[in-house]
Amino acid sequence: MAFLELINVHKSFGASVAVENFNLAVERGEFVSFLGPSGCGKTTTLRMIAGFEKPTAGRIIIDGVDVTDTPPNRRNIGMVFQSYALFPNMTVAENIGFGLKIARRPADEIRARVEELLRIIHMSEFGRRYPHQLSGGQQQRVALARALAIQPKVLLLDEPLSALDAKIRASLRQEIREIQRQLGITTIYVTHDQEEAMALSDRIVVMSRGRIEQIGTPFEVYNFPATRFVASFVGTLNLLQAMVVDAAIGLLTVEGQPIRVARPLPQHRSGDAISLAIRPELIALDGQMNGEVNRLSGTVEDVTFLGSIVRVRVRLSANKLHFDLFNNPQLRPPQPGSSIAVQFAPEACLVLGEDASPAHSMSASAAQAA
Amino acid sequence: MLKRFWPWFWFIIGATYFLVPLYATFDFSLRARRGELSFAAYANVLNDIKFVESFWFSFQTALATIVISALVIVPTAYWVQLRMPRLRPVIEFFTLLPFVVPAVVLVFSLARTYNRTPLTDSREGLWVLLVGSYVILSFPYMYRAVDTGLRAINIHDLTEAAQSLGAGWFTILARVIFPNVYTALLSGAFITFAIVMGEFTIAALLAQPAFGPYMNRLASSKVYEPSALAIISFALTWAAIAAMQWIGRGAQARIAGPR
Ligand SMILES: Nc1ncnc2c1ncn2[C@@H]1O[C@H](COP(=O)(O)OP(=O)(O)O)[C@@H](O)[C@H]1O
Ligand SMILES: [Mg+2]
């Protein structure tokens, strides 16, 4: 049985529905992210796990115990906030020891545990400082230590890095992940940043408008998005308008140029207009791939030099697509205005279904990859 | 040059408005003996046992008022901001009532309401009534100060952080909320202290041996002593406020600074 379970959880605020039909089973020690745009119900779900919101319907089970009606201070859950929420009147050490003091642990046990946690977050010299004497990144590490001090059953983090600048965000992200692995603590991490979710998670729960769109590993969610929403929210995509020519063999045209997809399209008929999605990294310059490939030709519209990669935007006539080349000083990058041909494998084409309905071609390619 | 002139001009006008009467009072208080400057009037005041008694009485009353007011206002303001933010204007309106209802009306209604109860039958009871009235008088200052203090910290997240660490409501109030509004509370307390020390109407109507009625009596029976008393009470009140400030300085240093 899973360590943390949400069963048919539902939450409305008055007439508006914040979370709908939420089902999730998290294993002990697993790192799961809730990923989705602002307002999609990530925080609300997290707050229901913490006990700050009561589900309108459904059950929440932690370590075999139904905690749906347990108040937050009895749930033994560690919480890290975007705002850090350190107690300004207490030193770093007092902040970290707060939970243990409330649990009336002996003073020397508290001292030892606080020292251990200060070591874990690499802040041993900072025990006597007050929160306002620390940088944002340091404050958030203290907040993490404070949440971990009580040895919570589950660690919940709500956009903990959003208030920090990019460099610290990346390094603290790694640090959080290392500490989580080291302690083996079951963790739910809320973020609207797909890169963050991918870098950290064992599994990602992609959410939109209060509903789960897909649950899967970063690899699955990125490569085999279950819905149109997931495909467009996670990573960048080229979206092309195509027309079905022969559904039985997966033959389409994009502005008159023939394209094959890897599987037949039984739900479509010839003449149907459909959306085709291709990840930029699966597109290459013509002539670089072997086997059966699709070709599209157009005009170079724009070339952006980004250091290690060069981003090329190509215009067909109505459709646009972009792809990346690795920087190579020996090779002149394509020039704007020149004509260009690109290629990609039939397997790279994702046929997007409607929102919240699985796009069959993707699950097909998932099967192929497996 | 001109830029520096006007700020100083207004500062000096303000300071004069404040200091000249104070200086005049001080000067007058030194002339108890004909033809020389002396502290005779001060000696008379300080040797009067009634002075010490009434000052001490009002001092204790002021402290009791501040403590009770804080115990009522902090949890109220906290709860309103946390759970009933829409009620804030209503609560604020209620706390402003002492500005609208005259002290005479307040004390008569209290006396009538609690007539023939232990509150009006005994000295101790009347003192409780006195403190109760002063607590009401302190609401406008205390509530505003605490409400502003609470807004300066993220009470919402702090509360939830404390809850997730196992704290109940009492612990949250005692360990998190009170210490963090301490500085704000002090500023409300200073004003409350000054008001209680000088309050006359309620103390007189409840026949309490307070400092306000004592000053009043002295003013109608002596010539130089009331001026000396004014200077002394001025100095003592400022000393008391400075002491409170000194006690609160640690908290101030911690809560200040970037968050
Ligand atoms: N206390 C509340 N009262 C009313 N509506 C709320 C409350 N909390 C959240 N909501 C609504 O629920 C939806 C989900 O919010 P939230 O969980 O905060 O989203 P996210 O964290 O994904 O940005 C939003 O539409 C929000 O306006
Ligand atoms: Mg949120």
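Let's start with the fold: chain A is built from nine helices and 20 strands. Keep in mind as you look around that this is a predicted model. Along its principal axes, the C-alpha trace of chain A spans about 75 × 50 × 35 Å.

Next, consider how the chain packs. Chain A has 370 residues, and 51% of them count as buried. If you take the contacts in chain A with a separation of 6 or more, 66% come from residues 24 or more positions apart.

The charged side chains number 38 positive and 37 negative, with the centres of the two sets 5 Å apart.

Now let's visit ligand 1. Its surroundings include A:Phe13 and A:Ala18, together with a run of residues from A:Pro37 through A:Ser38, A:Gly39, A:Cys40, A:Gly41, A:Lys42 and A:Thr43 to A:Thr44. Which element gives the largest share of this shell? It is helix H1 of chain A, spanning residues 42-50, which contributes three residues.

A:Gly41 places a polar backbone atom 3.1 Å from an oxygen atom of ligand 1. With A:Thr43, the approach is through the side chain, where a polar atom lies 2.5 Å from a ligand 1 oxygen. A:Thr44 likewise has a polar side-chain atom 2.5 Å from an oxygen atom of ligand 1. On its own, ligand 1 has 560 Å² of accessible area, and the protein covers 57% of it.

Conventions
Residues numbered from 1 in each chain as written. Chains lettered and ligands numbered in written order. Predicted model: local features only at pLDDT ≥ 70, side-chain atom pairs only at ≥ 80, totals over all residues. Heavy atoms only, no water. Helix = DSSP H or I, 4+ residues; strand = E, 2+ residues; numbered from the N terminus. Buried < 20%, exposed > 50% of the residue type's maximum accessible area, 1.4 Å probe, protein only. Contact = heavy atoms within 4.5 Å. Lys, Arg positive; Asp, Glu negative; His and termini not counted. Charge placed at Lys NZ, Arg CZ, Asp CG, Glu CD. Near = heavy atom within 4 Å. Polar contact = N/O pair within 3.5 Å; in protein donor to acceptor, adjacent residues only side chain to side chain. Areas by Shrake-Rupley, 256 points an atom, 1.4 Å probe, with all protein chains shown as cover.
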